[in-house]
Amino acid sequence: METADIERARAFVQSNVDFSRHDRPNRDGATLFVTLTYAQSLDGKISLPGQKLLLSGTQSLAMTHRLRGTHSAILVGIGTVLVDDPRLQTRYTLPGEKVRHPRPIVLDPHLRFPLDAQLLQNPEYLKPWVIAGPDHDADRRKELEARGARVMVVGECDEQGRPMISAVLGLLESEGVSSLMVEGGAQIIQAFLECRMVDCLIVTIAPTVVGSSGVPAVPSQNGIPGLCIRPRAYEQFGPDVVMIADI
């Protein structure tokens, strides 16, 4: 990674991500800032079923990692953990710069979290907080906690037993999280957009076509009625175009 790419990513994030902007209408007095970000293909796909799919180029990845370093926590769904086995840490920093890693948070209603996941392996990184619903595997909870994970239970769930996003954000704010970066996958992206719990939307568009077998960013066939996305900046990072918008 070139130093110039990292410096450009830093400038972009500093100019366009303002944690003091709290514009969403259903904030209800909350101060937790939510950034939703993901990479997609030209045909709107973010992954392949059950497979890793790297869409972002090196230069836009520098921007993504700069975002990670500015947020206090980063959230993904259990599907992302099962398929990608991510570390959710900050890389691509400037020489001599202090690295800030966000707290990994995983929405995992029934505790399917694998015990050999990378998020549990490195003692130098922050251990994950795993947010479950009431109907979870009690034995798996004990195993995860023995490996350093913190399991937090949310009682307010939808009909599929998935914790309500508003309840999740309330819990995280009560635990001191001030800024949250949400990375996916598709069900998580759709849930945050549907409930309008997003302050800043950042989408990286890669110049590739995945095809009909790909997983769309929003799985719903009806889209999200009434969703208003207001773009306010575009930037090219290598072959990718990054859009930043308010919702």
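## Close-up views of a predicted model

**View 1. Helix α6 and the residue that follows.** After α6 comes Arg196, which has a positive phi, near 60 degrees. Helix α6 spans residues 186-194, and its buried residues are Ala186, Ile188, Ile189, Gln190, Phe192 and Leu193. Helices (H or I, at least four residues) and strands (E, at least two) are DSSP runs, numbered from the N terminus, while buried means under 20% relative accessible area, exposed over 50% and partly exposed in between, with a 1.4 Å probe and protein chains only. The model is predicted, so that local features need pLDDT of at least 70 and side-chain atom pairs count only at pLDDT 80 or more, whereas totals for chains, interfaces and linings use all residues. Residues are numbered from 1 along each chain as its sequence is written, and side-chain values use heavy atoms, with hydrogens and water left out.

**View 2. The salt bridge between Arg68 and Glu183.** The side chains of Arg68 and Glu183 form a salt bridge at 3.0 Å, N to O, a term that requires a side-chain nitrogen of Lys or Arg within 4 Å of a carboxyl oxygen of Asp or Glu. Because Arg68 belongs to helix α2 (residues 58-70) and Glu183 to strand β7 (residues 179-184), the pair ties together parts that are 115 residues apart in sequence. Arg68 is buried, at 10% relative accessibility.

**View 3. Two further salt bridges.** The structure holds 9 salt bridges, among them the one between Asp158 and Arg162, whose side chains meet at 2.9 Å, N to O. Asp158 is partly exposed, with a relative accessible area of 22%, and Arg162 is also partly exposed, at 35%. Another joins Asp43 to Lys45 at 3.9 Å, N to O; here Asp43 is partly exposed, at 27%, but Lys45 is buried, at 13%.

**View 4. Asp5, a buried residue with no salt bridge.** Asp5 belongs to helix α1 and is buried without a salt bridge, the nearest side chain of opposite charge being that of Arg8, 5.7 Å away. For such charges, Lys and Arg count as positive and Asp and Glu as negative, with His and the chain ends not counted. Leaving aside residues up to four places away in sequence, Asp5 touches Gln59 and Ala62, where contact means heavy atoms within 4.5 Å.

**View 5. Leu32 in a loop.** Leu32 sits in the loop between α1 (3-16) and β1 (33-40), and counts as buried at 1% relative accessibility.
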